[in-house]
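Biologist: Please take a close look at one residue in this model and say what surrounds it. Then set it beside some of the helix packing elsewhere in the chain.

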Amino acid sequence: MAMNLQQRQLQKQVLKMSQRQIHSLNILTMSTQDLNDELIKAAEDNPSLIISDEFKGRKRLQKESFRISSSSKEGELASENHQAALEAYSDNRKSITEHFLSQLNMLNLPPSEFELCEKLIYNLDSKGYHFLAPVSLLDKKNKSHTIGLLEKCMARIQQFDPPGLCVKNMEESLFIQAKQCGKAPELALFLLDGKLNYLDPLKTDKILAKIKKYLDNQKKMIGLTESSMRYTDFKLTESEIENALNFIRGLDPFPARDFSTVETHYISPDIKIEKIEDNDIPESGTIVEDNEIRLSITMTEDNMPQVSINDSDMKILESKELSEEERKELSEKIRKARELIEAIAYRQNTILRACTEIARIQIEFFKHGPGHLSPLKLQDIANKLGVHETTISRMSNSKYILCEWGLFNIKYFFTNVASTSDKNVSRDQVLHAIKQILMDNAGNKKISDQKIVEELEKKKIKIARRTVAKYRGLLNINSSYNR
């Protein structure tokens, strides 16, 4: 078939975001803790950006942290008791990373070797194994970063206390421990050098047969003599194998077990919503009110360090002492710092405006607590703010509201319609109604899902029996047969 070439002109509209817009959306998505880390990293990279009150903000973040708990009295009591038990037995142990870094800082190493050792330590997981392949840590632009230096650094860390870490798996860990011991039987080193599978099943006669078969195959290889084999100084008897097994049993398969593996994650509120008296005027934030309640919505900016542009850099830029290249470089740093500050302001403004609309729509919740959420979608708030739905989704990611009823993820306030009645009823309201019906009929253990449906209809909530069963499961309540 002949190939026909044609030219056509198409007109279409394409929306593209600038790097500045993408950066602002990334800042909006971050949690408070992630944003703190981002600001600290940005200040380290850009001297034109100054962080004030950094440590104060971090301490407050830890002291004023909260944990999500049940809103019921029983749930609160159980949560407090559990929290008290956890705090009474807090884990004060160092992590393996901290322990290795303290040992590394005691050594006087060349900068390139110290840097690579530090990378290797940060690359270890909680078990002391490599997270990424060590070769990927080499800096290709640094000529001193060679495979030889990498092996030297790995060998150095493997000798740290406890030995046998900075390895790829447990088998290599045991092999390193055996070599450093200095008294390891040659047969034990032979088995630990990639041949632990010979110990399955753990019978000396079976292990002996596998080793003999391996050595026979090695001798048959062209150009490989007995003297050139790696392991030759051991006797192949069952007693020697038992001796090697006893040595292997004395090694520690988990050298990092005595170090902390749990990282504490703190949850702090981004927004505080408080009831205020009619005469009280809040210093900041916004106010939402109706005939029964008056709410103050404020940002909790005290758990985030304040950022500003370095005044000295601004004065230097205005002076005539800089060359054209230096002026251009300094201007770029100040521009990046200003863009970051504007992105943070956009984040804070978006969160405050969105939470103000949430408080206005869900005001019944702030009056009466859980069980009184109205149906609310992300698109509803997006329409109020004049932004895209995905912006509200990013805003609500890992952000929390603190009120008198507890600490809640912002996404908690978005709930779908769950009833087919004339009046829209949210899933939260239906769950609360089912729970209330079961509590009111606590003496009647055999109340069925169909009976719950009938009781809900009296409250003008119409849902199917299978929906009741689904919601009852969400409440962790057994069926009438098992109650």
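Modeller: Contact here means heavy atoms within 4.5 Å. The model is predicted, so local features need pLDDT of at least 70 and side-chain atom pairs pLDDT 80 or more, while totals for chains, interfaces and linings use all residues. Residues are numbered from 1 along each chain as its sequence is written, and side-chain values use heavy atoms, without hydrogens or water.

Leaving aside residues up to four places away in sequence, Thr32 touches Ser268, Asp270, Asn303 and Arg347. With Asp270, the Thr32 side chain makes a side-chain polar contact of 2.5 Å (N or O atoms within 3.5 Å, one able to donate a hydrogen and the other to accept it). Thr32 has a relative accessible area of 6% and is therefore buried (under 20%, with a 1.4 Å probe and protein chains only). Thr32 lies in helix α2, residues 32–45 (a DSSP run of H or I, at least four residues).

Elsewhere, helix α10 (residues 204–220) packs on helix α11 (residues 238–249) at about 100 degrees, axes 9 Å apart (lines fitted to C-alpha atoms over the stretch in contact, angles from 0 to 180 degrees between N-to-C directions). Therefore α10 is roughly perpendicular to α11 (65 to 115 degrees). Thr204, Asp205, Ile207, Leu208 and Ile211 of α10 meet Glu238, Ile241, Glu242 and Leu245 of α11. By class, five of these contact residues are nonpolar, one is polar and three are charged (Asp, Glu, Lys and Arg count as charged).

Note on methods:
Helix = DSSP H or I, 4+ residues; strand = E, 2+ residues; numbered from the N terminus. Buried < 20%, exposed > 50% of the residue type's maximum accessible area, 1.4 Å probe, protein only. Parallel < 35°, antiparallel > 145°, perpendicular 65-115°, else oblique.
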